[in-house]
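Me: Please go through this structure and say what each label rests on. I would like the value set against the cut-off wherever there is one.

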Amino acid sequence: AAAPSPRTAATRSRSLAKSIEISAAVLDEAASRPLPPHLATMRPRNKQYLMFYTAETRAWAEQLAAIDKDKYVRARESKMERFPDGTLNAQVFDIEHARDRHVLYLASFSSYERLYEDYASLVVLCQSFPQSVTIVLPFFPSGTMERVGGDAGVIATANVDSWMLTTLPCPGNMNRFVIFDLHTLQNKFYFGNTSMADLTSAVPAIPTAVAGFGGEWRVAFPDDGAAKRFGAAFADNELVVCGKVRDGDRRVVRIKDGDARDRDVLIVDDLVQSGGTLIQCMKVLREAGARRVVAWVTHAVLPNDAHKRFLADGDGAGFDHFYTTDSRPHTAARLAAHPDRFTIVPLAPLMHLVL
């Protein structure tokens, strides 16, 4: 591949520096939180992981090792290639050292091809007699269109994917899947038997991430679901709740509760696909007199270059800034090329706090 231009390299360097700054701040804030008095004598957890990863999740492995190189011991990067006929030609290195150890696998189901690569790697790892297997899967993609009714043959993909993961061998403790801001929370009940979903959130990183942008924020949610899910995390903020209402034959976004006039507003949601609802929410808030509108979305999917909608010449240009995480590495790489519009918040510090 051709080397990046000096301008592109400089842009990536600024984006990386911002990510490192946010990482340090998140960890410092967590370290400053004391245990409750009745738990003050608890000893620190000092489990050590043998960490496996692929090229797509290499950055997470590097960041975790930088946080604590003794806790996260990096195996060599797994090889994911293809034979001429398209079948998988892969190898997980250093697997002979997994026996009786705590194994950490960094997964990214960014496509069904990647899902199969990760699943195949996990089968081999789980058959290597580890003491435990923890799979960090920041974004579980199968979450929408799961309202399966009376139509015979409609496939609930989240159920299928979860069922497949529960078939993994489990020679030691139960396999643990660490998932951030699962889009449809009921999907956690699809896990069972030998695998369980450990649900966590990136929302605690929001105050640290947006601190550099200044302002006292009024927090807005694009729908009632987001308000019910994340509202409790913003008990000290005034809230604005939007939602779709019927206007003749159309369904349009309106403010259902709260006031945005002369306020800086932070829209919070777990997932953005094409960006349509988020942009409608921003425009409604602007029409209601909001001074600034900033977005936080944990998972940015943005297929087919949908991120361009949020650039200066897109219909989402009314956002002053957009914060998201690196839960989808390929998307994060595209967004990092536009640091004036997007800030990528690294999940590695939050992974570390959970692990």
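**Labels and their grounds**

Reply: In the hairpin of β10 and β11, two residues lie between the strands, and G248 takes a positive phi near 70 degrees. Strands here are DSSP runs of E with at least two residues, while helices are runs of H or I with at least four, both numbered from the N terminus. The model is predicted: local features need pLDDT of at least 70, side-chain atom pairs count only at pLDDT 80 or more, and totals for chains, interfaces and linings use all residues. Residues are numbered from 1 along each chain as its sequence is written, and side-chain values use heavy atoms, with hydrogens and water left out.

Me: Why is N175 called buried?

Reply: Buried means under 20% relative accessible area, exposed means over 50%, and partly exposed is in between (1.4 Å probe, protein chains only). N175 has a relative accessible area of 1%, so it counts as buried. N175 is found in strand β7. Leaving aside residues up to four places away in sequence, N175 touches C126, V133, I135, L168, P169, C170, T194, S195 and M196; contact here means heavy atoms within 4.5 Å.

Me: What about P346, buried or exposed?

Reply: P346 has a relative accessible area of 6%, so it is buried. P346 lies in the loop between β15 (342-345) and α9 (348-354). Its C-alpha atom is separated by 5.6 Å from that of T325, 21 residues apart along the chain.

Me: How do you know that the buried residues of α4 line one face of the helix?

Reply: The buried residues of helix α4 (residues 157-165) are A158, D161, S162 and L165. Seen down the axis of α4, these residues fall within an arc of 95 degrees, so they line one face; the arc is that of the directions from the helix axis to the C-beta atoms. An α-helix has 3.6 residues a turn, so residues three or four places apart point the same way. The buried residues of α4 pack against α3 (112-126), β7 (175-180) and β8 (195-200).

Me: What makes R218 and E238 a salt bridge?

Reply: A salt bridge is a side-chain nitrogen of Lys or Arg within 4 Å of a carboxyl oxygen of Asp or Glu. The side chains of R218 and E238 meet at 2.6 Å, N to O, so the pair qualifies. R218 lies in strand β9 (residues 217-221) and E238 in the loop between α6 (224-230) and β10, so the pair ties together parts that are 20 residues apart in sequence. R218 is buried at 7% relative accessible area, whereas E238 is partly exposed at 49%.

Me: Which other pairs qualify, and on what distance?

Reply: The side chains of D270 and R229 meet at 3.3 Å, N to O. D270 is in strand β12 (residues 264-272) and R229 in helix α6, so this pair ties together parts 41 residues apart in sequence. D270 is buried at 5% relative accessible area, and R229 is partly exposed at 25%. The side chains of R291 and D264 meet at 3.5 Å, N to O. This pair links R291, in the loop between α7 (276-287) and β13 (292-300), to D264 in strand β12, 27 residues apart. D264, at 6% relative accessibility, counts as buried. The structure holds 17 salt bridges, and a network of salt bridges links E56, R82, E113, R114, E117 and D118.

Me: How much of the protein is buried?

Reply: Buried residues make up 46% of the 355 residues. The secondary structure comes to nine helices and 15 strands. Among contacts with a separation of 6 or more, 67% are between residues 24 or more positions apart.

Key. Two strands pair if DSSP finds at least two bridges between them.
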